[in-house]
Amino acid sequence: MKRNVLVIGAGGVGQVVVHKCAQHNDVLGDIHVASRNVRKCREIIDSVHHKHAMKVPGVLEPHALDAMDVEATKALIRSTGAQIVINVGHAFVNMSVLQACIETGAAYLDTAIHEEADKICEAPPWYANHEWKRRDACEQQGVTAVLGIGFDPGVVNAYAALACQDYFDEVDSIDIIDVNAGSHGRYFATNFNPEINFREFTGRAWTWQDRQWVQNAMFEVQRTDDLPVVGQQTTYLTGHDELHSLSQNLDVPNIRFWMGFGEHYINVFTVLKNLGLLSEKPVRLDCGQAVVPLQAVKAILPDPASLAPDYQGKTCIGDLVKGRKDGQAREVFIYNISDHADAYAEVGSQAISYTAGVPVVAAALLVAQGEWDVRRMANVEELPAMPLIRLMNGMGLPSRIREGSEDRLLD
């Protein structure tokens, strides 16, 4: 059994994670929340107490931390007695937090791939550029490191592995589809950290096709699907974290990622990009001050956490899997529907944050109880899928499977 959790990051996803940890603190033990902005940590803790979310009385404390500082992160892990670290901070801190966990023996979980501030869209497979270089260190130290355990990446990886193992003899394609059919009422905003959001779409769109990496321009390729609950939706081919591990760990020739965008988002994004305002490279103003355009745009856009009170509508995220079973063609869609208003009522966050935050807490519970405490580095598709899915079914993110006219809970 592992107990005591350190949550690094106090944004929208961090809020969900702390609430869900509090709801399961009988298993997880003490909860510590760390960020450069300790005020945000205190606000999350206040919201937990306001919702009476703690399952049993226990420790719930804020901490100031620069997670780029390995020594400071190690010291906080040791002083709090945290045996599980949930990293939902900026993608730039992943490697420093992982290193601190390797050196202290704490289990490490994150929800997105590491990025370097001065690089966009490195050559695939992305995990090989940073995370996988520390596989041996994790195994030598007996440290459990579960990579990319949000929803996408994360739950969709579990869906893909489950489909390959239980529903097909041979898989031809996995199309991961992510649609936000909700509305926040603002002129323009991103649903999570604007800097990371824009960086995803300013580079090349790498996808796995015919067992090789293929690149497209963003918004170059689109499709339309009739999805459960949210109906007809247009999505665009783009690169995404999970493709880079699934392509290496599953024997599937075609793995693609499709994300829904409205025409307004595409228009604003295109103008910002064409003006150079989404560049990660510093520019120097007439006064001599250096400014990173992308960071300036981030500073003037709404905080994604502020969107939650007015958000209405639903998300649909899932895997459309095609192949053969017992010599017959087969197609299944394994998916989740999440409601923005329901997420806000429960934890004070919108559904994008909710779908990212719930799975990592479910994974922390599996690590705490030993089922996912594998004492090595692993991507989600390398771990048992059904324990995660069953836990999430009872934590607000039920999974369903649609095949032909049948649509049922996945359990």
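Reader: Which residues in H8 and H11 meet each other?
Author: This is a predicted model, where local features need pLDDT of at least 70, side-chain atom pairs count only at pLDDT 80 or more, and totals for chains, interfaces and linings use all residues. Residues are numbered from 1 along each chain as its sequence is written, and side-chain values use heavy atoms, leaving out hydrogens and water. Helices (H or I, at least four residues) and strands (E, at least two) are DSSP runs numbered from the N terminus, and contact means heavy atoms within 4.5 Å. On the H8 side you will find Pro194, Glu195, Phe198 and Arg199, and they meet H11 at Leu294, Gln295, Val297 and Lys298.

Reader: How many residues of the contact of H8 with H11 are nonpolar, polar and charged?
Author: Here Ala, Val, Leu, Ile, Met, Phe, Trp, Tyr, Cys and Pro count as nonpolar, Asp, Glu, Lys and Arg as charged, and the others, Gly among them, as polar. Sorted that way, the residues of this contact are four nonpolar, one polar and three charged.

Reader: At what angle do the axes of H8 and H11 cross?
Author: Axes are lines fitted to C-alpha atoms, for helices over the stretch in contact, with angles from 0 to 180 degrees between N-to-C directions. The axes of H8 (residues 194–202) and H11 (residues 293–300) come within 9 Å, and their crossing angle is roughly 130 degrees.

Reader: Are H8 and H11 parallel or oblique to each other?
Author: Angles under 35 degrees count as roughly parallel, over 145 as roughly antiparallel, 65 to 115 as roughly perpendicular and the rest as oblique. The axes cross at roughly 130 degrees, so H8 and H11 are oblique.

Reader: Which residues of H11 are buried?
Author: Buried means under 20% relative accessible area, exposed over 50%, and partly exposed in between (1.4 Å probe, protein chains only). The cover over the buried residues of H11 includes H8, helix H10 (263–274), strand S13 (283–284) and strand S14 (290–291). The buried residues themselves are Pro293, Leu294 and Val297.

Reader: Which residues does Pro293 touch beyond four places in sequence?
Author: Pro293 lies in H11 and is buried, its relative accessible area being 8%. Ser279 is 14 residues away from Pro293 in sequence, yet their C-alpha atoms are 5.7 Å apart. Not counting residues up to four places away, Pro293 touches Gly276, Leu277, Ser279, Lys281 and Val283.

Reader: Which residues is Thr190 in contact with, leaving aside its neighbours within four places in sequence?
Author: Look in the loop between strand S7 (170–180) and H8 for Thr190. Thr190 is buried, at a relative accessible area of 1%. With those sequence neighbours set aside, its contacts are Asn197, Phe198, Pro304 and Leu307.

Reader: What is omega for the peptide bond from Asp152 to Pro153?
Author: Most peptide bonds are trans. Pro124 and Pro125 are joined by a cis bond, with omega about -5 degrees, and Pro125 sits in the loop between strand S5 (107–110) and helix H6 (135–141). Pro153 is in the loop between strand S6 (145–147) and helix H7 (155–167). The bond from Asp152 to Pro153 is also cis, with omega near 10 degrees.

Reader: What is phi of Phe219?
Author: Most residues other than glycine have a negative phi. Asn4, in the segment before strand S1 (5–8), has a positive phi near 75 degrees. Phe219 is in the loop between strand S9 (212–216) and strand S10 (222–227) and counts as buried at 18% relative accessibility. Its phi is positive too, near 70 degrees.
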